[in-house]
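Good morning, and thank you for making time for this presentation.

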Amino acid sequence: MKVILTGDRPTGRLHVGHYVGSLRRRVELQNSGAFDQIFIMIADTQALTDHFEQPEQVRHNVLEVALDYLAVGLDPARSTLFIQSEVPALPELGLYYMNLVSVARLERNPTVKTEIKQKDFGSSLPVGFFTYPISQAADITAFHASTVPAGEDQAPMVEQTREIVHRFNSIYGETLTEPDILLPETKAAMRLPGLDGGAKMSKSLGNCIYLADDADTIRQKVMSMFTDPGHLRVADPGKVEGNPVFTYLDAFSTPEHFAAFWPDYPDLAALKAHYQRGGLGDMKVKRFLNEVLQSILRPIRERREELAKDPAYVWEVLRQGSAVAREEADHTLQQVRQAMKLDYFTD
Ligand code: TRP
């Protein structure tokens with residue numbers, strides 16, 4: 001069986017970093033027909049691990065993320081879209097896995113380590129936050145996922161899940177499925193920088209283009225992007241490495257975009273060569289990037305606006321998806337309880 005499980009924390013609207021880093025790929029995988037089952041989870045329980053004082057915000061963003069999913073082309077007829085907290089088997093699985101993971105191992109998880117530093121918890125680090133990699137192992141294994149399409153920052157979570165699976169299967173017998181991460185194809189897609197060239201596009205840094213942004217907002221954001229600070233005059237040679245405008249073009253532009261919007265160049269390699277030689281102004285490159293992004297984001301925004309008029313439909317998709325997910329995860333939980341000799345009253 002080839003099964004996908006992946007998801008997002010509903011802490012805000014999704015942005016173009018999510019799009020190139022994972023949403024675009026999910027839709028391709030969905031449409032490839034190569035998977036038996038696809039589960040896409042809105043991780044509200046995980047969002048609460050660092051937003052437990054903002055329940056309204058998390059709830060509101062469940063709908064926003066669902067709108068983003070449907071707008072990019074995830075299709076409820078082919079992918080099960082569900083809400084994490086609607087699947088009670090997940091925390092129960094997590095509880096059993098907690099025995100299999102040491103505090104020292106969690107402390108070594110590089111993603112958790114970085115987040116703990118960023119959030120500056122000090123001695124008030126919540127247990128729930130510290131242990132979220134274990135609940136993530138429950139999310140993945142509950143569906144016997146073979147494949148987790150996700151960004152690089154999720155690699156330590158999938159690695160930790162694999163260790164839990166090994167440990168569980170060696171103690172209680174072959175029960176759980178070991179997952180593999182499926183990373184984005186290119187470096188640009190792996191980690192899209194912020195508009196300011198910062199390491200990552202992130203809501204808290206205010207350096208994002210959102211899938212829901214209107215055309216004017218997108219244009220203004222593109223025009224204000226950082227470029228090569230050494231490229232002062234048009235005639236000067238410019239750098240493309242570390243220049244966010246070119247990283248975005250790496251992630252988004254295709255030869256078809258050149259044919260449609262800038263036929264002076266056959267492809268990005270030719271454009272880069274000119275920029276590096278000198279004689280090409282940043283404004284022109286930004287105007288092209290704007291055309292590319294507008295052409296990709298316009299249909300997504302229009303679908304999103306249509307769907308947003310009917311929230312009842314979106315909630316119904318999530319309700320039905322959650323029922324499917326609950327049944328699937330309950331089945332895995334029965335297997336786990338049986339393996340752990342906790343199946344007292346089943347015959
Ligand atoms: N950690 C993911 C994020 O920050 C969300 C998530 C929760 C997830 N459980 C998962 C991703 C399982 C992949 C697989 O967005």
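I shall go through aromatic pairs, charges over rings, helix packing and backbone angles.

This is a predicted model, in which local features need pLDDT of at least 70 and side-chain atom pairs count only at pLDDT 80 or more, while totals for chains, interfaces and linings use all residues. Residues are numbered from 1 along each chain as its sequence is written, and side-chain values use heavy atoms, with hydrogens and water left out.

Let me start with the aromatic rings. Rings of Phe, Tyr and Trp (its six-membered ring) pair if their centres lie within 6.5 Å; planes under 30 degrees apart count as stacked, over 60 as edge-to-face and the rest as tilted. The count by this rule is 13 aromatic pairs. In the pair of Phe168 and Tyr172, the ring centres are 4.7 Å apart and the planes stand at 50 degrees, so this pair is tilted. Both residues belong to helix α9 (residues 155–172), 4 residues apart, which is about one turn of the helix. Helices here are DSSP runs (H or I, at least four residues), numbered from the N terminus, as are strands (E, at least two). An α-helix has 3.6 residues a turn, so residues three or four places apart point the same way.

Phe168 is buried, at 0% relative accessibility, whereas Tyr172, at 26%, is partly exposed.

The rings of Trp262 and Tyr265 have centres 5.0 Å apart and planes at 75 degrees, so they form an edge-to-face pair. Trp262 is buried at 12% relative accessibility, and Tyr265 is buried at 11%. Together with Phe258 and Phe288, Trp262 and Tyr265 form one aromatic cluster.

I turn to charges over rings. A charge sits over a ring if NZ of Lys or CZ of Arg is within 6 Å of the ring centre and within 35 degrees of the ring normal. Lys2 lies over the face of Phe35, 4.6 Å from the ring centre. The charged end of Arg9 is placed over the ring of Tyr132, 4.6 Å from its centre.

Next, helix packing. Helix α12 (residues 244–252) is mostly covered, with 8 of its 9 residues buried. Among them are Phe246, Tyr248 and Phe252. The buried residues of α12 pack against α1 (16–32), α10 (187–190), α13 (255–261), α14 (268–277) and α15 (282–308), where contact means heavy atoms within 4.5 Å.

How are α2 and α3 arranged? Helix α2 (residues 44–51) packs on helix α3 (residues 55–72) at an angle of about 150 degrees, with the axes 10 Å apart. The two helices are therefore roughly antiparallel to each other, a term for angles over 145 degrees. Asp44, Ala47, Leu48 and His51 in α2 meet Pro55, Gln57, Val58 and Val62 in α3.

Finally, the backbone. Most residues other than glycine have a negative phi. Asp120, though not a glycine, has a positive phi of about 55 degrees. Asp120 lies in the loop between α6 (110–119) and α7 (127–130) and is exposed, with a relative accessible area of 66%. Lys341 also has a positive phi, near 65 degrees. Lys341 is in the segment after α16 (311–339) and is exposed, at 64% relative accessible area.

Note on methods
Buried < 20%, exposed > 50% of the residue type's maximum accessible area, 1.4 Å probe, protein only. Axes fitted to C-alpha atoms, helices over the stretch in contact; angles between N-to-C directions. Parallel < 35°, antiparallel > 145°, perpendicular 65-115°, else oblique.
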